[in-house]
Amino acid sequence: IQERMNAVLYQAVVERQLAGKFKSAVDVTDDEAKSYCKKNPAVRISHIYVPLKPAALKAEEESAYKKIKDLQGQLSSGKSFEKVVAANPDQGFSASTGGDTGYANKLQLDPAVYAEARRLGMNEVSKKPVRSQLGLHIIKLTGMQDCNSINIPEWQRMVFDEKRTKIFQDYLSGLRSQAKVQINQELIKE
């Protein structure tokens with residue numbers, strides 16, 4: 001009960017101290033949403049995928065990199081992206097679509113995958129495998145969303161979420177900078 005009470009009190013204090021800042025973040029204009037879209041457009045990618053756990057053993061990692069290098073070799077030898085995808089048993093649900101994942105925005109994709117997609121030109125394939133939380137990917141950029149025809153409320157929510165996260169991070173950074181932490185070496189001796 002004490003832990004729950006502390007959590008409720010903590011949340012109440014944070015809300016009270018940040019309420020004014022959050023209120024200003026809620027008012028996101030249509031122009032802000034369109035500007036955010038232009039900086040962070042939704043991308044459409046196709047990918048060749050090899051699963052690899054985040055904390056994989058060295059042997060699992062070597063095997064996955066060997067497999068992705070083999071798949072890259074198939075692309076280099078002239079095999080079409082879609083055929084390489086179809087022949088990859090690890091591809092899963094996207095095998096039937098040639099690796100196409102559809103449109104996804106910055107918040108829906110793994111940050112490494114999104115960053116690589118933004119570096120690519122239209123129909124360009126990544127030269128090196130991209131490591132995500134799910135595994136290894138060879139990425140092909142197949143589309144970029146037109147920001148003139150976006151769902152404004154959806155993009156306003158994304159802008160608000162980013163503003164809210166920044167407000168909270170700034171608040172925590174301020175608290176950390178004010179905190180004085182001392183380590184009592186006598187208490188942590190073996």
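## Strand β2 and Asp100

Asp100 is placed in strand β2, which covers residues 100-104; helices (H or I, at least four residues) and strands (E, at least two) are DSSP runs, numbered from the N terminus. The model is a predicted one, in which local features need pLDDT of at least 70 and side-chain atom pairs count only at pLDDT 80 or more, while totals for chains, interfaces and linings use all residues. Residues are numbered from 1 along each chain as its sequence is written, and side-chain values use heavy atoms, with hydrogens and water left out.

The side chains of Asp100 and Arg44 are joined by a polar contact of 2.5 Å, where a polar contact is a pair of N or O atoms within 3.5 Å; within protein, one must be able to donate a hydrogen and the other to accept it, and residues adjacent in sequence count only if both atoms are side-chain atoms. If its neighbours within four places in sequence are left aside, Asp100 is in contact (heavy atoms within 4.5 Å) with Arg44, Ile45, Ser46 and Ser94.

In helix α5, residues 111-119, the buried residues are Val113, Tyr114, Glu116 and Ala117; buried means under 20% relative accessible area, exposed over 50%, and partly exposed in between, with a 1.4 Å probe and protein chains only. Seen down the axis of α5, these buried residues fall within an arc of 165°, so they line one face of the helix, the arc being that of the directions from the helix axis to the C-beta atoms. The face turned away from this buried side carries the exposed residues Pro111 and Arg119, whereas the cover over the buried residues of α5 includes β1 (43-51), β3 (130-131) and β4 (135-144).

In the loop between α5 and β3 lies Asn123, whose phi is near 65°, a positive value in a residue other than glycine. Most residues other than glycine have a negative phi. Asn123 is partly exposed, with a relative accessible area of 49%.

## Helix α2 against helix α6

Helix α2 (residues 30-39) and helix α6 (residues 152-178) pack at an angle of about 80°, with their axes 9 Å apart; the axes are lines fitted to C-alpha atoms, for helices over the stretch in contact, and angles run from 0 to 180 degrees between N-to-C directions. That angle makes α2 roughly perpendicular to α6, a term used for angles of 65 to 115 degrees. Among the residues that make the contact are Tyr36 and Cys37 of α2 and Trp155 and Met158 of α6.

The buried residues of α2 are Ala33, Tyr36 and Cys37. Seen down the axis of α2, they fall within an arc of 100°, so they line one face of the helix, and what covers them includes α6. On the other side of α2, Asp31, Lys38 and Lys39 are exposed.

Pro153, a residue of helix α6, is partly exposed, with a relative accessible area of 44%. Pro153 and Lys189 are 36 residues apart in sequence and, from C-alpha to C-alpha, 56 Å apart in space.

Tyr10 lies in helix α1, residues 2-26, and is partly exposed, with a relative accessible area of 45%. With its neighbours within four places in sequence left aside, Tyr10 is in contact with Phe168 and Leu172.

Technical notes:
Parallel < 35°, antiparallel > 145°, perpendicular 65-115°, else oblique.
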